[in-house]
Amino acid sequence: MKKWHVRDIIDLEYFFYRDAVSRSAEDQQYLNERDRKIFLNSVKPNLQEGESPDRQFMIRTWLDRRRAKETAQEAILPGESYESLYSSARILFIITGLVLGGGAGLSFLTYTGDRPLNVFVYLSVFVFSQVLLLLLLLVLFLYKLKKKYFWSSSPLYRAIGRTMLSILLAARDRASEKLGAEQRNRAESILGIIVNKGHTYGVLFFLPFFVLTQLFAIGFNLGLLVTTLFKVVTADIAFGWQSTLQLNSAAVHSLVQKISLPWSWLVSGELAYPSLTQIEGSRIILKEGIYHLSNQALASWWPFLCFSVLFYGMLPRLFLFVLAAVSQRRYLARLDFRQGSYEQLLLRMTSPLVSTRGRKVDGAGPGEKESTLENAAKGEAAAYGRSGGRSILIMVPDDIFAACSKEQIGSTVKHRFGSAVAEILRINEDSDTDAEILANLKDKGLPPSTDILLVQEAWQPPIQEYVNFIKDLRKAIGPGPCIRIGLIGKPLPDTIFSPVKEVNRKIWTQKMNAIGDPCIYTLDLVNNVS
Amino acid sequence: MFPDTIPQFAIVGHPNEGKSSVLSTLAEDDSVRISATPGETVVCQEFPVVIDGREIIRFIDTPGFQNPRKVLHQLQDLRDSTDNIIGAFREKNIVNPEFRGDCELLLPITQGAGIIYVVDGSRPVRSVDRAEMEILRLTGLPRMAIINSKDATTDFLEQWKEEFRKCFNVFRVFNAHTANYAQRIDLLESLKNIDPDWQATLDTVITAFIKDWAQRNLTSAGIITDMLQECISCKIARNARDSRDMDRMKAEMLAAYEKKIKKIESRAHHKMRSLFKHNIFNYDLPSRSILHEDLFSESTWKFLGLSRKQQIAAAGLGGVGIAVALDAATFGTSFGIFAALGGLAGATWAALSSKGLAQTKILGMSLGGHEIQVGPVKNIQFLYILLDRSLIYYSHISNWAHGRRDYNADRMAGERDSTGSGFVAQWDSRARSICSAFFKEATKNNGGNNAGVEQQLKDFLMGQLQKISHSEHVKMM
């Protein structure tokens, strides 16, 4: 199967966004039909008898089909735009680095003959500063290793995040009295989605910027090296050292020796670093002028400086560049596509289209065709479910527990997710029993390969008590397993599994989005159309 | 309880049950923010009832319960340690962001406010509702429950009533979207029963409300009578210099006349709208109602006097119109007097070749002299049309609940229902003679100034407006 690229993820997110813009019953039905057709026409024919469809393969096929349809209409997809923009940015960053590095080198290496160039200044400006930046990066990276999520790991991000959050909260508190509930929910939902995407893709969308930075740095160092060498070859440049501190030549020699450790094994003698005599001979003492300085000593510094730039500037950046490129590839290869939008897409693809519309008795009407479709689809959802190999722990609120028979919920889950029911738990009896359930889950953990389905009446407003229970549930089971909020409508005389009103679905979806967890999402337990 | 302070009533309940709608309707305030999204109200808002500059009672809108079961749990734990459990709960949780909404809604309760618990009766009772009812019971404050059904489902009403019997002194059905003046007064009457201490105050409020409503009706009757007087006596006169311009001039004058009448009518309606405290809602008389034949449609204009010759013709036809209308009313036609009149008059004119007559009119104007005058109206139907329009407008404006915000639904219903009859069609001969006397007086050359006739019409209209106010269901046309 083809490798995943950042542009694929961008296009996937773009298509998900477009699908999510309107979630009316008609739109939902259209999405169901479209995605089911993609599955039947493009995924199923590639499967062997009894073979389970692969999650990544299904998503890739869906993406290809959607792209083909879009490009047929000559639409430019954001992934493609990103790719071309990013290629240009890479070149631009290298060139900018080269020019700036070269320019900086040229302006520094101007020797008028009255005083040698101070190697300490060269080292401070071009080498130590870069080493400092690298050290900072290393500290951040080590800090990150201790934390799970990238976005919340960087102390800088956290500081900015905390400040912004406090500003936002203060603004929200002030605005909440003026803002309507709908605008407030929408704003919280958008914030949640941003956090959610950060969790879903982690460093994936950070790496391209990181790569650009490395390219700039590589360009800069290259420019600096080339200019330094060019000046050394074409001009007579004298390097010396001076300091108000009473540094003696031996100390400088020892420092230089230590700095040159990375390359001293590679090149030997005076090429690796100046000798003590050369250091002594290149010491600038203002009151004595420069006439006493040795020419040979003044010219002895440049290899050391070039090696410093190469080993402390250029090579680490090259290493980071390769590391970022490899990380990106590995990260993309490891994406499991288990987040809400993917789950919903796979559900649409594997759910049979059921129609109960009447048709004329004579001839094969559409109803007959649809029933064939349904038969063909039988078992696919189950197969896909098995491919995930996950079962479902169902949580049913106390209010509807009695009306929700085991068989009914079992068949609904089987039909919708193709998964087996691991257990059915009664929740919301009272605060104590809820706390007990959560404590149990925390202690024992979920059985392996188990997700959660929380049945929720969508007409009930998502009050804080419900939202907090879901948050606490996530804390108890830890990251990983999906928490699906299975929405149902108002109870009917014979069943509690009734369709959900659009307005209620929207409210719940916004509220769940606001949690900012990619694996907590809403879905209808009952198809809205017949 | 705090007998020395102003009685307060906190409207509490689960989010999105219509608390703000109930309050908006009760307080006749359409500035209260209402939406279908739960959590619209985040802070308490007071709605004082001020009579003669003095605040008598106060309603308080509150946010919905966010953690009913947790709050109840804490309150139950606090029962052993204090009598003021609500105060203690607030003290404990005031800085906890999780309970921010709950602390806010409990604030008026700590101040001894009476409780009006609002629920949506079209949904089943859930454990969170039971927890809320138990919290309210634990407060020990006088309380009543209101079933404000959001849709027509009645399957769960009994369930709710059964629950209410356990926790509330009084409960009643009050639909914030359809409640009119009479139902508002009924609700206030019920409120008296939750605490005997507040009966006298609430009696004052109810009496003031009734007086205020009567005053509004009296003012409305005056507005309508003045508008009729002004419209009926309205005329436009111009000098015709050239007989060749007659057609153009006629069209211009008709347009100007139409504009003037509409302006007078609209001004009067606007006054009524302000009187009933509507800032957002406005009723656009539907284009396809019984007044589908607009005041200035061709058939209506055929009755408007223009010249001596035309006045004679118009007067004759006017007589036919009334006769036909009375016939129609007697036989109880569903189209109503003016629809029948409009249709039949149109048919009559078509039979008489209205085009030919219209041309005669123009000739009449041309031959009649140099001054052309449009109006005053010589046909009493004009008065009936204006009256019916005003009464329809009044019925919508006075009965439109301030908590109802689906303004388009009313417009759409109006467009759908084009066959509804008006009010005037149901009037008896006494009513007609009052109108006739007023019309006669108003069309007199000197404008008419018989105060007795005018007062008679005002009194009659006042009675009609009161009747509309108390009608159980006003059909939205």
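**From the chain contact into chain B**

In this predicted model, 23 residues of chain B are in contact with 22 residues of chain A. Helix 2 of chain B supplies the largest share of chain B's side, four residues.

Now move to helix 5 of chain B, residues 127-139. Check its length first. At 1.5 Å a residue, its 13 residues should span 18 Å. The end C-alpha atoms are 19 Å apart, which agrees. Next, look at burial. B:Val128, B:Asp129, B:Ala131, B:Glu132, B:Met133, B:Ile135, B:Leu136 and B:Thr139 are buried in this helix. An α-helix has 3.6 residues a turn, so residues three or four places apart point the same way. The buried residues of helix 5 of chain B pack against several elements of chain B, among them helix 2 (68-78), helix 3 (85-93) and strand 5 (143-147). Helix 4 (100-110), strand 4 (114-119) and helix 6 (157-167) of chain B are also partners. After helix 5 of chain B comes B:Gly140, with a positive phi near 75°.

Further along chain B, find helix 14 (residues 380-399) and helix 17 (residues 451-470). Their axes come within 10 Å and cross at roughly 40°. That angle makes helix 14 of chain B oblique to helix 17 of chain B. The crossing is right-handed. Helix 14 of chain B contributes B:Leu391, B:Tyr394, B:Ser395 and B:Ser398. They meet B:Gln464, B:Leu465, B:Ile468 and B:Ser469 of helix 17 of chain B. The residues of this contact divide into four nonpolar, four polar and no charged.

Note on methods. Residues numbered from 1 in each chain as written. Chains lettered and ligands numbered in written order. Predicted model: local features only at pLDDT ≥ 70, side-chain atom pairs only at ≥ 80, totals over all residues. Axes fitted to C-alpha atoms, helices over the stretch in contact; angles between N-to-C directions. Helix = DSSP H or I, 4+ residues; strand = E, 2+ residues; numbered from the N terminus. Parallel < 35°, antiparallel > 145°, perpendicular 65-115°, else oblique. Left-handed = near helix turned anticlockwise from the far one by under 90°. Contact = placed C-beta atoms within 7 Å. Nonpolar A, V, L, I, M, F, W, Y, C, P; charged D, E, K, R; others polar. Expected span 1.5 Å × (residues − 1). Buried ≥ 20, exposed ≤ 12 C-beta atoms within 10 Å, placed from the backbone.
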